[in-house]
Amino acid sequence: MSWIVRMRSIDTRILYVLIALSIAFPLLRPMGLPIDIGKETRDVYAAVDSLSPGSVLVLCPDYSSSNATEMNPMITAVFRHAMQRDVKVLMFATVLEGPSLAQPLVEPIAMELDKTYGVDWVNLGYKPGGNVTLTQMTDDLWTGAANVDAFNTPLSQIPMMDNLKALRQTQLIIDISGVAPGPSRYLTYVGIPGNVPVTGGMTSVSVPEEMPYVRSGQYKGFLMGLKGAAEYELLLEKPGQAVAGMDAQSMAHLLVIVFIILANIGHFADKSSKKGAQRPAAS
């Protein structure tokens with residue numbers, strides 16, 4: 001047991017290296033550790049899966065680079081699902097960085113699945129104005145979008161936009177948000193007045209704020225942080241960045257638990273050995 005006792009005084013730098021390795025290895029070579037897929041993620045998947053070919057899904061990357069680790073996998077998973085279903089995707093955001101972060105993620109997927117920009121999907125870019133803009137776009141999408149996409153191409157020159165004049169014509173809105181108020185903004189200003197189903201995803205720390213809308217059924221499910229993204233990847237049978245991230249997180253947690261157990265065993269072993277040394281010899 002002496003080696004366990006010595007574990008109590010191990011150089012902390014060694015612990016840091018072990019933690020780093022436990023995180024890096026799964027990211028480089030995902031192991032696919034078991035993940036229980038929750039009802040909320042299944043409901044989002046079902047909402048997208050139920051859309052008929054030619055339907056329009058509104059996908060809003062409302063996050064900045066500080067939230068990209070959790071949000072990026074959600075965007076790629078939902079976009080891939082929509083493209084596989086031949087569902088058209090209309091993308092825009094009320095957060096400045098969002099569209100520029102999402103564009104390089106979805107372009108390779110569109111190319112892989114032989115989808116054409118302007119026909120199968122459109123990126124309208126960042127649209128300022130918040131709630132006022134969303135209210136405008138509900139009934140007059142072109143005016144609310146300033147009549148151009150993210151690349152200043154007139155909407156009149158984009159085939160997908162020919163018969164798409166208002167957000168109320170779309171079939172589902174998914175807001176991937178790293179900021180409050182998140183998807184509830186779309187529910188209030190587009191979903192309810194335009195009778196369009198709304199769902200979304202947020203960072204893990206922000207999920208509790210959205211749960212009342214999930215429990216009431218106002219959202220069609222919800223993606224809860226990195227775990228929600230990983231669950232969606234598994235439903236697509238396309239493990240990616242989120243599954244790798246969950247593997248890394250699980251391995252790091254497991255290593256910390258092992259350290260705690262060994263430290264406690266070492267503590268009690270040391271305590272026991274000291275008591276034995278202090279016990280007076282029998283006469």
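Predicted model: local features only at pLDDT ≥ 70, side-chain atom pairs only at ≥ 80, totals over all residues.

Colleague: Are α4 and α10 roughly parallel or roughly antiparallel to each other?

Modeller: Helix α4 covers residues 68–84 and helix α10 covers residues 225–235; their axes come within 8 Å. They cross at roughly 25 degrees. Angles under 35 degrees count as roughly parallel, so that is what α4 and α10 are: roughly parallel.

Colleague: And which hand does the crossing of α4 and α10 have?

Modeller: Handedness here is about how the near helix is turned from the far one, anticlockwise by less than a right angle being the left-handed case. For α4 passing α10, the crossing is left-handed.

Colleague: Now α6 and α8: how are they oriented?

Modeller: Helix α6 (residues 131–139) packs with helix α8 (residues 183–194) at an angle of about 20 degrees, their axes 9 Å apart. With the cut-off for parallel at under 35 degrees, that makes α6 and α8 roughly parallel.

Colleague: Which residues of α8 make the contact with α6?

Modeller: α6 passes α8 in a right-handed crossing. From the α6 side, Asn131, Leu134, Thr135 and Thr138 take part. Their partners in α8 are Arg185, Tyr186, Tyr189, Val190 and Gly194.

Colleague: On to the rings. How many aromatic pairs does the structure hold, and is the one between Tyr117 and Trp121 stacked or edge-to-face?

Modeller: There are seven aromatic pairs. In the one formed by Tyr117 and Trp121, the centres are 4.9 Å apart and the planes are at 85 degrees. Planes over 60 degrees apart count as edge-to-face, so the pair of Tyr117 and Trp121 is edge-to-face.

Colleague: What kind of pair do Tyr219 and Phe222 form?

Modeller: Tyr219 counts as buried at 3% relative accessibility, and Phe222 counts as buried at 0%. Their ring centres are 5.5 Å apart, with 10 degrees between the planes. Under 30 degrees counts as stacked, so Tyr219 and Phe222 are stacked.

Conventions. Residues numbered from 1 in each chain as written. Heavy atoms only, no water. Phe/Tyr/Trp six-rings, centres within 6.5 Å; stacked < 30°, edge-to-face > 60°. Buried < 20%, exposed > 50% of the residue type's maximum accessible area, 1.4 Å probe, protein only. Axes fitted to C-alpha atoms, helices over the stretch in contact; angles between N-to-C directions. Helix = DSSP H or I, 4+ residues; strand = E, 2+ residues; numbered from the N terminus. Parallel < 35°, antiparallel > 145°, perpendicular 65-115°, else oblique. Contact = heavy atoms within 4.5 Å.
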